[in-house]
Amino acid sequence: MTGWLGSALGVAILATAVSPAVAGPRPTDIFFRYHAAINAAQLCEGWRLEPKGYADPEWSRIAADRHRMDRVIAQKTPGELSSTQRLGLMLSAKDISSRVIAESGCDAPRVQGWLSVFHSDLETVLAR
């Protein structure tokens, strides 16, 4: 789901997922930021964080890395997000971060912010 429909779904999920009474960053914003960070690391720094299919010789390492990153994201995201919310946020984060990188490049401040999140919170749990 890319393009305007994916972006619209992401905006709708972000807008309705959490009560405005929650103080601090909303869980949806945190979850989105981590998945944008993962995508930015793949596109800007060449990290292999998505397998090319089950026949990919790196599949088990990538799956283990994703599991470790998912645990970090779950610990850092307060509250519960439904599987529908998580999927919509992951797709929106990938779509929006890909678009920002294509339009502004990897040196853009927003992209550098995502990469900083990746390096500080997620890279440390990857098997290297």
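Of the 128 residues of the chain, 38% count as buried (buried means under 20% relative accessible area, exposed over 50%, and partly exposed in between, with a 1.4 Å probe and protein chains only). The model is predicted, so local features need pLDDT of at least 70 and side-chain atom pairs count only at pLDDT 80 or more, while totals for chains, interfaces and linings use all residues. Residues are numbered from 1 along each chain as its sequence is written, and side-chain values use heavy atoms, with hydrogens and water left out.

**The whole chain**

Begin with a cartoon view. The chain has five helices and zero strands, and from the N terminus on its elements run α-α-α-α-α. Helices (H or I, at least four residues) and strands (E, at least two) are DSSP runs, numbered from the N terminus. Among the contacts in the chain with a separation of 6 or more, 72% are accounted for by residues 24 or more positions apart; contact here means heavy atoms within 4.5 Å.

**Stop one: α2 and α3**

Two packed helices are described by the angle between their axes and the distance between the axes. Select residues 27-45, helix α2, and residues 59-76, helix α3. Their axes come within 9 Å and cross at roughly 150°. Axes are lines fitted to C-alpha atoms, for helices over the stretch in contact, and angles run from 0 to 180 degrees between N-to-C directions. The crossing angle makes α2 roughly antiparallel to α3 (angles under 35 degrees count as roughly parallel, over 145 as roughly antiparallel, 65 to 115 as roughly perpendicular and the rest as oblique). The crossing of α2 past α3 is right-handed. A crossing is left-handed if the near helix is turned anticlockwise from the far one by less than a right angle, and right-handed if clockwise.

Now show side chains. On α2, the contact is made by I30, F31, Y34, H35 and I38; on α3, by R66, M69, D70, I73 and K76. By class, this contact of α2 with α3 has six nonpolar, one polar and three charged residues. Ala, Val, Leu, Ile, Met, Phe, Trp, Tyr, Cys and Pro count as nonpolar, Asp, Glu, Lys and Arg as charged, and the others, Gly among them, as polar.

**Stop two: I30**

Stay in helix α2 and select I30. Is I30 buried or exposed? I30 is buried, with a relative accessible area of 7%. Leaving aside residues up to four places away in sequence, I30 touches P25, K76, T77 and P78. I30 and A74 are 44 residues apart in sequence, yet 9.8 Å apart in space, C-alpha to C-alpha.

**Stop three: salt bridges**

Side chains of opposite charge can pair when their charged atoms come close. How many salt bridges does the structure hold? There are eight salt bridges in the structure, a salt bridge being a side-chain nitrogen of Lys or Arg within 4 Å of a carboxyl oxygen of Asp or Glu.

Select R26 and D29, a salt bridge whose closest N and O atoms are 3.4 Å apart. R26 counts as partly exposed at 24% relative accessibility, and D29 is partly exposed at 32%.

Next select D56 and R48, whose side chains meet in a salt bridge at 2.2 Å, N to O. D56 is buried, with a relative accessible area of 9%, whereas R48 is partly exposed at 28%.

Then pick K94 and E50, a salt bridge with its closest N and O atoms 3.1 Å apart. K94 lies in helix α4 (residues 83-104) and E50 in the loop between α2 and α3, so the pair ties together parts that are 44 residues apart in sequence. K94 is partly exposed at 36%, and E50 is partly exposed at 34%.

**Stop four: α4 and α5**

Select helix α4 again, together with helix α5 (residues 109-122). The axes of α4 and α5 come within 9 Å and cross at roughly 130°. That makes α4 oblique to α5, and their crossing is left-handed. The contact is made by I96, S97, V100 and I101 of α4 and R110, V111 and W114 of α5. By class, the contact of α4 with α5 has five nonpolar, one polar and one charged residues.

**Stop five: L89**

End on L89, placed in helix α4. L89 is buried, with a relative accessible area of 0%. L89 and T28 are 61 residues apart in sequence and 7.3 Å apart in space, C-alpha to C-alpha.
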